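This report goes through a sheet, a surface patch and a set of charged pairs. Please keep the sequence and the 3D view open while reading.

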Amino acid sequence: HVFTTRQVLNVHDCFSDPRFAVFNDQEGDEYTIRTILAAPVIHPMEERVLAVVQAVNKVGGVFTADDEVHLQRLCTLLAVILVTSDRLEQVYVQAEFKEWTFQRLPMPVLLFNGEGRCVKANQRVGDLLGRPQASLVGCHCAEVFGGCFQLFNMWERCLEDDQDGSAEQVEVPSAAGSKVVTVRCTRTMVEGSAIGTTFVFTPEVLEDAKRRRFQ
């Protein structure tokens, strides 16, 4: 009834109300319903009913108009909680999917915040630099790039010139040996403002690059 009418229902005597008397006619039922107060939980934006909250058997009498007001306020709060929890779950699922996708990108990618500290690194970066990707997060780009000053200079120019840099060939030292990579540094933009930088690498083994250079 409450779900379809979207109205608060306050029943003072369930025994005399044919809609609810059936609940008290079941043989062997040790629980008797005397009074009922029910209200709909309505979506704050879509105006659809999400649920119904029901209170039964008020201690010391029947439910009053004040009780109706309190229950409606509770339903309003519950609607916000339900909608927010749904959205948080959606955001969490989307974030998990984006992270899964980011980690499986075919090229190494590094994300730095406005202070130059690494906030995200995918698995390919760890392979390129010869370091566990988790050890890169939180480090300043000067530490991440080690002795490769060309990469650090690309980061500085990207911020100082207030524009995305062009792709450059860079020799990157790593534990597995130096590699020649094509690197592009771009600004990470949010609502027209730069909040950090993104490095995308296209790696090539140094010896292969040299061999092509002399062919």
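## Report on the predicted model

Helix α3 covers residues 65–103, and L77 lies in this helix. The structure is a predicted model. L77, together with L74 and I81, makes a nonpolar surface patch of about 260 Å².

**The sheet**

Strands pair in a sheet through backbone hydrogen bonds, in either a parallel or an antiparallel sense. In this model three strands form an open sheet in the order β1-β2-β3, with antiparallel pairing. The edge strands are β1 and β3, each of which pairs on one side only. On average, neighbouring strands of this sheet are turned by 15° against each other, with direction ignored.

Strand β1 spans residues 9–11 and pairs with β2 in the antiparallel sense over three bridges. Within this pairing, L9 stands opposite A38 in β2.

How many of the seven residues of strand β2 are buried? Six are, and the strand, residues 36–42, is therefore described as mostly covered, buried meaning under 20% relative accessible area.

Strands β2 and β3 form a hairpin with six residues between them. In the turn, E47 has a positive phi of about 60°. E47 also takes part in a charged pair, described next.

**Salt bridges**

Side chains of opposite charge can pair when their charged atoms come close. A search of the whole structure finds five salt bridges.

| Pair | N to O distance |
|---|---|
| E47 and R6 | 3.7 Å |
| E99 and K120 | 3.0 Å |
| R157 and E168 | 2.3 Å |

The side chains of E47 and R6 meet in a salt bridge at 3.7 Å. This pair links distant parts of the chain, with E47 in the loop between β2 and β3 and R6 in the loop between α1 (2–5) and β1, 41 residues apart.

The side chains of E99 and K120 meet in a salt bridge at 3.0 Å. E99 lies in helix α3 and K120 in strand β5 (residues 118–121), so this pair ties together parts that are 21 residues apart in sequence. E99 counts as partly exposed at 28% relative accessibility. K120 is partly exposed, with a relative accessible area of 28%.

For R157 and E168, the closest N and O atoms are 2.3 Å apart. Here too the pair links distant parts of the chain: R157 is in helix α7 (residues 149–160) and E168 is in strand β6 (residues 168–172), eleven residues apart. R157 counts as partly exposed, at 36% relative accessibility.

Terms used: Residues are numbered from 1 along each chain as its sequence is written. This is a predicted model: local features need pLDDT of at least 70, side-chain atom pairs count only at pLDDT 80 or more; totals for chains, interfaces and linings use all residues. Side-chain values use heavy atoms; hydrogens and water are left out. Buried means under 20% relative accessible area, exposed over 50%, partly exposed in between (1.4 Å probe, protein chains only). Helices (H or I, at least four residues) and strands (E, at least two) are DSSP runs, numbered from the N terminus. Two strands pair if DSSP finds at least two bridges between them. Patches are made of residues with over 30% relative accessible area and no salt bridge: like charges are joined within 9 Å, nonpolar side chains (Val, Leu, Ile, Met, Phe, Trp, Tyr) within 5 Å. Accessible areas come from the Shrake-Rupley method with a 1.4 Å probe; for residues, only the protein chains shown count as cover. A salt bridge is a side-chain nitrogen of Lys or Arg within 4 Å of a carboxyl oxygen of Asp or Glu. Axes are lines fitted to C-alpha atoms, for helices over the stretch in contact, and angles run from 0 to 180 degrees between N-to-C directions.
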